[in-house]
Amino acid sequence: MSKQPGDKSQPFKPHYLGLDSEALKKSLATRLEYTVGKDTYTATTRDWFNVASYVVRDRMIERWMETMRTYYRADAKRVYYLSMEFLIGRTLMNSVINMGIYDEVSQAVKEMGLDIEKICDIEPDAGLGNGGLGRLAACFLDSMATLGLPGYGYGIRYEYGMFRQAIEDGYQIEHPDNWLRYGNPWEFSRPEVLYPVKFHGRVVTYSDEHGKPRHHWVDTDEVMAMAYDTPIPGYKTNTVNNMRLWSAKSSRDFDLRYFNEGNYIKALESESESENISKVLYPDDTTHMGRMLRLKQQYFFVCASLQDILYRFNKLQQSMDEIPNKVAIQLNDTHPAIAIPELMRILVDIHRLDWQHAWDITTRTFAYTNHTLMPEALETWPVELFSQLLPRHLQIIYEINHHFLNDIIHRCPGDLGLLREMSIINEGPERSIRMAHLAIVGSHKINGVAALHTELMKSTIFSHFARLFPEKFTNKTNGVTPRRWLHHANPGLTRLISDHIGKEWITDLDQLRKVAPLASDGEFRRQFQLIKQSNKERLAAIIQRRLNITVNPASMFDVHIKRMHEYKRQLLNLLHVITLYNRIRSNPQDSCVPRTVIFSGKAAPGYAQAKLIIKLINNVADIINHDPVVGDRLKVVFIPNYDVSTATDIVPAADLSQQISTAGMEASGTGNMKLALNGALTIGTMDGANIEIFEEVGADNIFIFGNTTQQVSELRRNGYNPWDYYYGNPELRQAIDMIGSGFFSPEDRNLFQPITRRLTEQGDYFMLLADYKSYVETQQQISALYLNRDAWATKAILNTAHMGKFSSDRTIREYASEIWNVKPVKIQLDDKKG
């Protein structure tokens, strides 16, 4: 009797799924010929990337299928992480490492005359995110799979990422990020998983057979959401979870009548309009149409995800009462908050539950993560826009708000001001919906992402909510996955650590504490320094190749890599760079510590000030890098198109990590964690997760400067005047005057005056001038320490050793036990099946 794939009594295992190098070579050859349709003579590096991806993916599938089956058999409670972004980066190397087959795959491709690094480098970064919010979501998916938690990611399959950043004449230029141009070997299209999503229309109210008012959403426009699945493997575990992304498809084919008349554009109009929804990450929302598209995107992926979640739930459950016991939905910021009225619509309008019954189910299902303290960054939507696009949801939001405000009236009778402050509806000149308030009211837990952030969230922007509902608020300090950000990014340091303390740290980052005593071991310090130097030489070669700028690998690599925003204060860093330049020019014979100052980050297309700062950085770099008096003592580099892969090039090479946001404005930050984990020393304000890094590494191993959150508040309250600092510090005044007078823009001497005006006459909102003196003095201490390379290495090692707290595994364990009430599920494979 022949073996059959589904025959449990005679397990089926194709020969090509072996994990040794010989089996992998056979698989590579087979896939090249029969999937890609090439031979070894005609195959390109991209062909080999696709072949390698398919071969690794094949070996993931069995674990993936068994993971899904086991969750069903266990009737496990599942976590659904709803996020507009998943910044997953490249997948091939990450999958090879997590599956524990890096050596075997490397050996197989080497024996076929190939280089695994070159094959991996050709993979584009997935254009599914922009910044920290999306990278955090990707780290969380990795940790959920590694910990064996039943977790799913839901988002949008953007055809284009935010944009590909180029620098032309110093300016940021945005080009389409067509990351799917060559296809994506990691995804599985699911044309059978198709859900309708409705927009526009009107609401019909009628009485049911019991005389209760019911609502029917009619005359709507319809778009279809089609699923694409990507497997997410845990590290050296059988668990492979799923990331499901939605692509918009037209509910109708093109209009043949228009086509036959020769009106080809009109024939495709409906299809094109529908599919625009998943076309691009974060369309420009400065226009009405742009805002309409953004809101459509949010509802589109939320509506499809909830239909999918409930389809899975209904396979095993009979009662909607069980939803909170089997489903946990985490809202990653307010973008998915429309899920709250959508679930209410499903429960009340479709399943006909009473309002209070449905509300109890809803609030016990959702939890919300806040990522910002800045009131202007809290998402709001005009009521008028909602009424056009989602009329039934607007009614539901009004009803939610009505019940909520009634509760507040009973708790705090007569306080009309409090009602205005806490209302989901902002009754301003243009009535709008406060999505953060909706998320708070509709969730059972609200978390900040660092201890300071959570405390400020409770004492400032959401103080009334925290006072009346203190049990809802909790902190979950962010973390990063050590698999991506040390094991993958820094193989040299990974080997050094593992040779001395074993490999358990990869899944238990607290084990890094065993490295701390090695900081006093001269030989360990020597090897640590050699690895850092090798990483710097590699980055220097990348800079030379990409930008044609020669940097000195022996110089201090001073790194500032993050989204371009005024509160992140890249401009403060640049003021220090100009100060160093002036000191060198004034005293060219003086010795100084050589520095290479490295910037990287994108500015939002509509953020003119941030884009002008990028131009200024590049103009300053052009002047300094070509000044023969300066030579190798100071270089400035802006590396374009910052993404996950660029970060993995820069992070292991960094000596100094710039985390210099205005105190009280950074929610957490994760770049600070990645850089410290790789042995960079931090210069930072007491802001976000910097405070907790300070607590972990100790005051002697981090450089803290500037005003604290409380001092910033006091300065504002007392009438902060930047001119006092401008006139009181000659070096600061000189740097600002050089920017404003056109020293760095001789072709247009007024070019940078918007920057200098923002720093002086417009009030310096982000308090660069107030922190400049402290920042420059702290940088002098850093230069003095860098001269003692042994002392520097000691502190760098201690930073790595004390990063255990900042693993995303720890963060996810806290979410699982304190918010989601979800437990790990062990995935057991048949030994005969491998």
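Visitor: Where is the place of Thr481?
Guide: Thr481 sits in the loop between β16 (473-475) and α20 (482-488), where helices (H or I, at least four residues) and strands (E, at least two) are DSSP runs numbered from the N terminus. This is a predicted model, in which local features need pLDDT of at least 70 and side-chain atom pairs count only at pLDDT 80 or more, while totals for chains, interfaces and linings use all residues. Residues are numbered from 1 along each chain as its sequence is written, and side-chain values use heavy atoms, with hydrogens and water left out.

Visitor: Is Thr481 buried or exposed?
Guide: Thr481 is buried, with a relative accessible area of 1%; buried means under 20% relative accessible area, exposed over 50%, and partly exposed in between (1.4 Å probe, protein chains only).

Visitor: And which residues is Thr481 in contact with, leaving aside its neighbours within four places in sequence?
Guide: Those are Arg135, Cys139, Asp142 and Ser808, where contact means heavy atoms within 4.5 Å.

Visitor: Switching topic, how many helices and strands has the protein?
Guide: The protein has 34 helices and 22 strands.

Visitor: What share of the residues count as buried?
Guide: Of the 834 residues of the protein, 60% count as buried.

Visitor: How big a box do the C-alpha atoms fill?
Guide: Taken along the principal axes, the C-alpha atoms fill a box of roughly 90 × 80 × 65 Å.
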